[in-house]
Amino acid sequence: MRKLCIVLCILLQGAVGILFASGRNDKAESIKSVSMKIITWTSNQKQIDLLNSFIQEFAMQKGIRIEPVFETVPFAEYTTKLALQLQDATPPDIFWILETSAPTFIESKVLMPLNKQLEAYNVSDFSPKLLELWTKNNSIYAVPFSSSPFFLLYNEDLFKAAKIPTPAALAAKGQWNWDNFRKSAAAIKKATDIWGFQTVDGQGFDARVLHNLLPIIRSYGGDAWNEKREVTIDSPESIAAVRFFHDMLFKDGSVVPPGNQSDFFSGNAAMTVAQISRISKLADVSWKWGIAPMPEGPKGPSPILGQAAIAAAAKGKNAVLAAELVAYMTNKECVTRMAGIWPPARISVLDSSEFLSSNKAVEPALMKTAIADSLKSGRVLPSHIQFPQISVESRTFFDKLWSTDADISTIMKEIGNVYRKYIK
């Protein structure tokens, strides 16, 4: 009898254990698991990890499991490939959008309105100026996670080798203008036989031709087109600015030419145009570097703001959840953690001392002059509902600029004609 009782107790304990284990498994299996596709143009693992940390925090709050699938699309192909994927039966859930194509995506009705989801995160904290491009009829269709001015990065060692003042030193004296920029680039090429300037990401002759030319064009008093839809890319001011850069490239021979792979971050150019997110590429360089605002022109400074927003697909299988996630990823706490990489659109963060010290590689004083101050005066690239077509058609004529004997006036008129075809 005693042995029988012992056996029964053991069996009973086992049964209880099985029941408890079964209960734990049922609970684990009851947690909803969602796969979400996220498209960006960054391949920086630290940046992807940061985005993923927001996703996992949001999932924990919701009591679900989110399995993100990140896809990186090269910048030059990004808008075209994203547009195609959004027409697919299973579009990506969340994605980045460039400022130039904002009207295109909004008008195509592929973006999920975010007003309801943003209500939980103080939507009034967003700068109206920085949110304007992503809003139509009071509906917010994407949230700018980055409103990042382009500034100048330079190799201080090469300036020292050429025995000329640095851009920061010239800026401190109020002498940092395009003429001194040109002289500096030419002096460094002559003294060191290293290129004086590399265009932004080395793509200033193709994918980023407007990022390259518009800071000069606007500071000369020109533009691509203005708010009245008047095309001014072929105005005398715009032509003079393009001729200035053309002379640097072909007369001075100080600019890394089209097709040449010389890279600033490898020490093969003295200056380049960049944003704060590119600072991470300087972590392991052996030379001293610095940053300065964009040079001024005859009409003063005209920094370009590179703006990128995050959005959710309206026809995605997780549309509502994706919209909630976008709202969470752009709340004050998250954008504060992103601020050292991507300057945010939230006023409370931009006006804080924490923002100026958010990137440990950049001194707060430089963060203010090169980034915070430029945010106030900078403008985004012009945008249009048919910008993809405008970009493709005008590229052929921009390509004609990059030869020694290019007829700049005629080519700029041809580009102007393409613009006028769409901008009316």
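In what follows, Ala, Val, Leu, Ile, Met, Phe, Trp, Tyr, Cys and Pro count as nonpolar, Asp, Glu, Lys and Arg as charged, and the others, Gly among them, as polar. The model is predicted, so to speak of local features I need pLDDT of at least 70, and side-chain atom pairs count only at pLDDT 80 or more, while totals for chains, interfaces and linings use all residues. Residues are numbered from 1 along each chain as its sequence is written, and side-chain values use heavy atoms, with hydrogens and water left out.

Cavities, to begin. A cavity here is a set of points, on a 1 Å grid over the protein atoms alone, where a 1.4 Å probe fits but cannot get out, and its lining residues have an atom within 4 Å of a point. Grid points are joined across faces, edges and corners, and a volume is the space filled by probe spheres set on the points. The structure has three cavities of 30 Å³ or more.

The largest cavity has a volume of about 70 Å³. Its lining consists of W178, F181, F197, H211, N212, P215, I216, F245, V273 and M294. Helices (H or I, at least four residues) and strands (E, at least two) are DSSP runs, numbered from the N terminus. The largest share, four residues, comes from α10. By class, the lining of the largest cavity has eight nonpolar, two polar and no charged residues.

The second largest cavity has a volume of about 50 Å³. Around it are I38, T40, L51, I55, F70, I94, W96, I310, L325 and M329. The elements that give two or more residues here are β1 (33–40), α2 (45–62), β3 (94–98) and α12 (319–329). This lining divides into nine nonpolar, one polar and no charged residues.

Next, a sheet. Strands β8, β7 and β9 form an open sheet in the order β8-β7-β9, with antiparallel pairing. β8 (271–274) and β9 (289–292) are at the edges, each with a single partner strand, so one side of each is left without a neighbour in the sheet. From one strand to the next the twist averages 30 degrees, where axes are lines fitted to C-alpha atoms, for helices over the stretch in contact, and angles run from 0 to 180 degrees between N-to-C directions. Two strands pair if DSSP finds at least two bridges between them; β7 (residues 151–155) and β8 have four, in the antiparallel sense. Y154 is opposite M271 in β8.

Now backbone angles. Most residues other than glycine have a negative phi. K109 has a positive phi, near 60 degrees, and sits in the loop between α4 (102–107) and α5 (115–118). D193 also has a positive phi near 60 degrees, and its place is in the loop between α9 and α10. Are these residues buried or exposed? Buried means under 20% relative accessible area, exposed over 50%, and partly exposed in between, with a 1.4 Å probe and protein chains only. K109 is exposed at 67%, and D193 is exposed at 58%.

Last, D234, in the loop between α10 and α11 (236–252). D234 is buried, with a relative accessible area of 7%. Which side chain does the side chain of D234 contact? It makes a polar contact with the side chain of R420, at 3.0 Å. A polar contact is a pair of N or O atoms within 3.5 Å; within protein, one must be able to donate a hydrogen and the other to accept it, and residues adjacent in sequence count only if both atoms are side-chain atoms.

Conventions
On a 1 Å grid over the protein atoms alone, a cavity is a set of points where a 1.4 Å probe fits but cannot get out, and a pocket is an open set with protein on both sides within 12 Å along at least five of seven lines; lining residues have an atom within 4 Å of a point.
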